[in-house]
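Me: I am new to this structure and would be grateful for a close look at a single part of it. Please begin with one residue and its surroundings, and then connect that part to the rest of the chain.

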Amino acid sequence: HEQLLPPCEDRGTLPTLAQAKTMAMILDQPHKILCCQCAVVIEPNAVNMCVNCLQERYDIGAGVSKQVQQNTCRGCNRFERRDGSWAEVDMESKELLALLLKKPRGLTQVRLIDASYVWTEPHSRRIKLKLTVQQEVVAGAVLQQSFVVEYVLGNKQCGTCQRREAKDTWVAVCQVRQKVEHKRTFFWIEQLILKHRAHTDAINIVERRDGLDFFYEARSHAEKMTAFLQGVAPTRYKTSKQLISTDTHTGKGRYKFTYSVELLPICRGDALWLPASTAATVGQVPRFMLCNKVSNIVHLIDPKTMRTAELLPLTFWKKQFASALTRSCLAEFVVLDIEIEAPRERQRGGGGGGGAPREAFGLGGGSGG
């Protein structure tokens, strides 16, 4: 800066106030240089190059695949992971974004800053992601770049759907039955299965006359369904197995297991006539009770005293009985009008004949005496 300072007669003396202000203004100005490639005025950096020249010289996104094949299953609408497994995710969700970001090759060599969806036509079978990455090109120089990765959706049948289409590939079956005319409890069980997603492990579901059959590729899945049904409904179950094939050298065999689950044949709103022993076991309740609620046990209520009781499934299976009156036997009436009548009082009179007629009290006709 000595060449820009005003001349002084003696360099050993202190500068004047005007000279000090000029020196401060010169030092406060930002230092600018020219880009070594295009001669654009820029601030000094580690490579002395502008951003455009850096992007032309260093392409940090060149090693990342811009088009990726993504397989989906038509049968279950699941997406294939990189390791070959399948995941059930929704379109444009965070779970799908995490799954897709593991697909492109070379993405682990750069630092991912941001990722977002780019809108595409629903029928185009394409998913586009806009990625923003960073990488240090030289010492002290970090370059940021954005590009679009396109995923082409292809069709591939997953292993579960392949076994579903084939025959005799199931290992265990859970047979759910309820032998009643109206399956109100069974319909409620279906809603609970859908709510808790208890059917996700099933490779096939077949409707039968009195219920459903759930087929599984593992015995543990059938045991899980059986335990779920025992927790939400009054049931009993039996198990059986059938030998399919055996190895004479090792002694190992291949079996098919069957879990037969039967729901208690009582629904909410049914009128029950309990056996004497069952009424005593429940808690010395009247034999005529109404079913108020059905869970893993049956809740009963006395229509006269409003007393409640609980009927355990084990108590019912010891001595079974049918519902005396079901909801389907009832008739629905429409009330058109209501007339309130004053209560009739017994006429007070002497001796023999001043009383009210017997028909007024619902006792029927006939001669008094």
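Reply: Cys161 touches Cys73, Gly75 and Cys76, leaving out residues up to four places away in sequence; contact here means heavy atoms within 4.5 Å. The model is predicted, and local features need pLDDT of at least 70, side-chain atom pairs count only at pLDDT 80 or more, while totals for chains, interfaces and linings use all residues. Residues are numbered from 1 along each chain as its sequence is written, and side-chain values use heavy atoms, with hydrogens and water left out.

Cys161 has its place in helix 4, which covers residues 159-165. Helices (H or I, at least four residues) and strands (E, at least two) are DSSP runs, numbered from the N terminus. With a relative accessibility of 6%, Cys161 counts as buried. The term buried stands for under 20% relative accessible area, exposed for over 50%, and partly exposed for values in between (1.4 Å probe, protein chains only). Asn204 is 43 residues from Cys161 in sequence, and the two C-alpha atoms are 8.9 Å apart in space.

Leu96 belongs to helix 3. Beyond the residues up to four places away in sequence, Leu96 touches Phe79, Val89, Asp90, Met91, Tyr117 and Ile127.

Most residues other than glycine have a negative phi. Glu92 is not a glycine, yet it has a positive phi of about 55°.

Another residue with a positive phi that is not glycine is Met306, whose phi is near 60°. Met306 is found in the loop between strand 16 (298-301) and strand 17 (308-311). Met306 counts as exposed, at 55% relative accessibility.

Gly140 sits in the loop between strand 7 (126-138) and strand 8 (141-155). With a relative accessible area of 66%, Gly140 is exposed. Val47 is 93 residues from Gly140 along the chain, but the two C-alpha atoms are separated by 8.7 Å. Ser146 lies in strand 8 itself and counts as partly exposed at 42% relative accessibility. Apart from neighbours within four places in sequence, Ser146 is in contact with Lys130, Leu131 and Thr132. From Ser146 to Thr132 the C-alpha to C-alpha distance is 4.3 Å, although they are 14 residues apart in sequence.

A pair of helices comes next. Two packed helices are described by the angle between their axes and the distance between the axes. Helix 5 (residues 184-195) and helix 6 (residues 219-232) have axes that come within 11 Å and cross at roughly 125°. The axes are lines fitted to C-alpha atoms, for helices over the stretch in contact, and angles run from 0 to 180 degrees between N-to-C directions. The two helices are therefore oblique to each other. Under 35 degrees counts as roughly parallel, over 145 as roughly antiparallel, 65 to 115 as roughly perpendicular, and the rest as oblique. On the helix 5 side, Trp188, Ile189, Leu192 and Ile193 meet Met225, Phe228, Leu229 and Val232 of helix 6. The residues of this contact divide into 8 nonpolar, no polar and no charged. In this division, Ala, Val, Leu, Ile, Met, Phe, Trp, Tyr, Cys and Pro count as nonpolar, Asp, Glu, Lys and Arg as charged, and the others, Gly among them, as polar.

These parts belong to a protein chain with 8 helices and 17 strands. Of its 369 residues, 33% count as buried. Among contacts between residues at least 6 apart in sequence, 54% join residues at least 24 apart. The accessible surface of the protein chain comes to about 25,200 Å², and 50% of it belongs to carbon and sulfur atoms. Accessible areas come from the Shrake-Rupley method with a 1.4 Å probe, and for residues only the protein chains shown count as cover.
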